[in-house]
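Subject: Structure for you to look at, with notes

Dear colleague,

Here is the structure I promised to pass on to you. Please open it beside this message, and then read the notes that follow.

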Amino acid sequence: MTQDSTHAGGHGTDARALQPVILGADIGVYALARSFHEQYGVTSVVVAGAALGPVQHSRIVQHEIVADGHDPRQLVDRLLQVARRMPDRRLLLMANSDWLVRVVVEHRAELEPFYAVPFLSADLLARISDKATFAEICAELDISVPRTIVQSFGPDDPDVPVDLEYPLIAKAASSADYQEVEFEGKKKVFEIATPDELAALWRSLRAAGYRGRFVVQELVPGDDTQMRSVTAYVDQRGEVTLLCSAHVLLEEHTPSGLGNPAAMITYRDDAMLEQARRFLTATGYVGFANFDVKVDPRTGQFRFFEVNPRIGRNNYYVTAAGANPMRFVVEDRVEGRAVEPVVVDREVLYSIVPHRLLLRYVRDPQLADRVRRLVRSRATAHPLRYGKDLSPRRRFYVLAAAVNQVRKFRRWYPEPTDTGF
């Protein structure tokens, strides 16, 4: 079976009893709520520090606002309050940022009496969400990664020699560790042109009190269109029941969003999916995973950058391609049933940017033709454009978000470059 054709309330699920509860308030959280609503007709409870634009004024979410959305204790206490108010519901807990996944995993013992918690163990989370350890695991499994050097920021850790060609890439080994650190010029990913720039970054991190690790990696050439995304689900039996891949067309380029896909075309690439499957099986992974991969234009080889221990901000591309991921987690964790594995092969254009803006950045004529063909055939998806949740205020927000995308690209990435930086 390659496609999922179930519809809302299918498979005999008692939709009234299912209650999704989601931590966070970004576009990825709205996409999860939309997928739950499409599949089961249910409203999701969203627990966050504020009702941000993507989930604001929505008919498919119910807000639980805490005073400080960065305080794990407040989030966990509110989750427990929500659970005690709903003793007749089957509660499923979702989170969709690295640090929120860590909060859930660290408080699993408190939460599991009330919730299905479809996340990996604390030990495995620590191993795979660290980009340095991820690279080591991939090397053992013959999965190609960029050459990686690790710099630690303990009080007595010296600078490690870097014998890579410049420019190179530097990023936090663990994004959860990096979350709370503030310094001027902070970015998610740094392109470093010279040894002096690298030394300056190390000084900034030390001055800001950073105590984690950074990875320095060779820059794999090629623009955003060389990137690929893989989303997978592994059930509690260790079976990989969902695999979906996408060809990235454009990534976000704001300092905080750098590297998040903004547009992609779903397609099936068995060679890449097989490497993702090998990683998941060998590590004993469970739950959702999202891999960032780049095709090295020099060799055609897949270079795996990282795995996110969650479904990913752009998860709606999987639903749009016909395999609603919420069905896989609900049938596995709420209903305790094995799901027939699905490998998605439907082609859909997923984009959070206007199509005209997107085509400015797709320089390959054949790729641009594919975009135009999918637009003409209406095989397109935008997570916020949900027909069942478009009140006038929502419509205005979606329109304003599109205008804002144009503004952001004009400021941060006015013209496409050969490296995507």
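Predicted model: local features only at pLDDT ≥ 70, side-chain atom pairs only at ≥ 80, totals over all residues.

**An exposed helix residue, and how to read the numbers**

Glutamate 140 is exposed, with a relative accessible area of 66%, where exposed means over 50% relative accessible area, buried under 20% and partly exposed in between, with a 1.4 Å probe and protein chains only. Its place is in helix α6; helices here are DSSP runs of H or I of at least four residues, strands are runs of E of at least two, and both are numbered from the N terminus.

Residues are numbered from 1 along each chain as its sequence is written, and side-chain values use heavy atoms, with hydrogens and water left out.

**The protein as a whole**

The secondary structure comes to 14 helices and 17 strands. The radius of gyration, taken over C-alpha atoms, is 21 Å, close to the 22 Å that the globule rule gives for 421 residues, so the protein is as compact as a globular protein of that length; the rule itself is 2.2 Å times the number of residues to the power 0.38. Along the principal axes, the C-alpha atoms fill a box of roughly 60 × 50 × 40 Å.

Of the 421 residues, 58% are buried. Contact means heavy atoms within 4.5 Å, and among contacts between residues at least 6 apart in sequence, 71% join residues at least 24 apart. The protein exposes about 17,600 Å², of which carbon and sulfur atoms supply 49%; these areas come from the Shrake-Rupley method with a 1.4 Å probe.

There are 53 positive and 54 negative side chains, and the centres of the two sets lie 8 Å apart. In that count Lys and Arg are positive and Asp and Glu negative, while His and the chain ends are not counted, and the place of a charge is taken as NZ of Lys, CZ of Arg, CG of Asp or CD of Glu.

**Buried places**

Helix α3 (residues 98-106) is largely enclosed by the rest of the structure, because seven of its nine residues are buried. Those buried residues are Asp98, Trp99, Leu100, Val101, Val103, Val104 and Val105.

Arginine 303 lies in strand β14 (residues 302-308) and, at 7% relative accessibility, counts as buried. Its side chain is joined to that of serine 144 by a polar contact of 2.9 Å, a polar contact being a pair of N or O atoms within 3.5 Å, of which, within protein, one must be able to donate a hydrogen and the other to accept it, and residues adjacent in sequence count only if both atoms are side-chain atoms. Leaving aside neighbours within four places in sequence, the contacts of arginine 303 include Arg147, Glu218, Asp292, Lys294, Asp296 and Arg298.

Tyrosine 413, in the segment after α14 (392-412), is buried at 4% relative accessibility. The side chain of tyrosine 413 reaches the backbone nitrogen of threonine 417 at 2.9 Å, and, not counting residues up to four places away in sequence, tyrosine 413 touches Asp224, Leu250, His253, Tyr361, Lys408, Gly420 and Phe421. Tyrosine 413 and glutamate 191 are 222 residues apart in sequence and 14 Å apart in space, C-alpha to C-alpha.

Asparagine 260 lies in the loop between β11 (240-251) and β12 (261-267), and it counts as buried at 16% relative accessibility.

**Backbone points to check**

Most residues other than glycine have a negative phi, and most peptide bonds are trans. Aspartate 142, in the loop between α6 (131-140) and β6, has a positive phi near 60 degrees, and it is exposed, with a relative accessible area of 67%. Arginine 378, whose place is in the loop between α13 (365-376) and β17 (380-381), also has a phi near 60 degrees and is exposed, with a relative accessible area of 74%. The peptide bond from tyrosine 166 to proline 167 is cis, with omega near -5 degrees, and proline 167 lies in the loop between β6 (148-152) and β7 (168-172).

With best wishes
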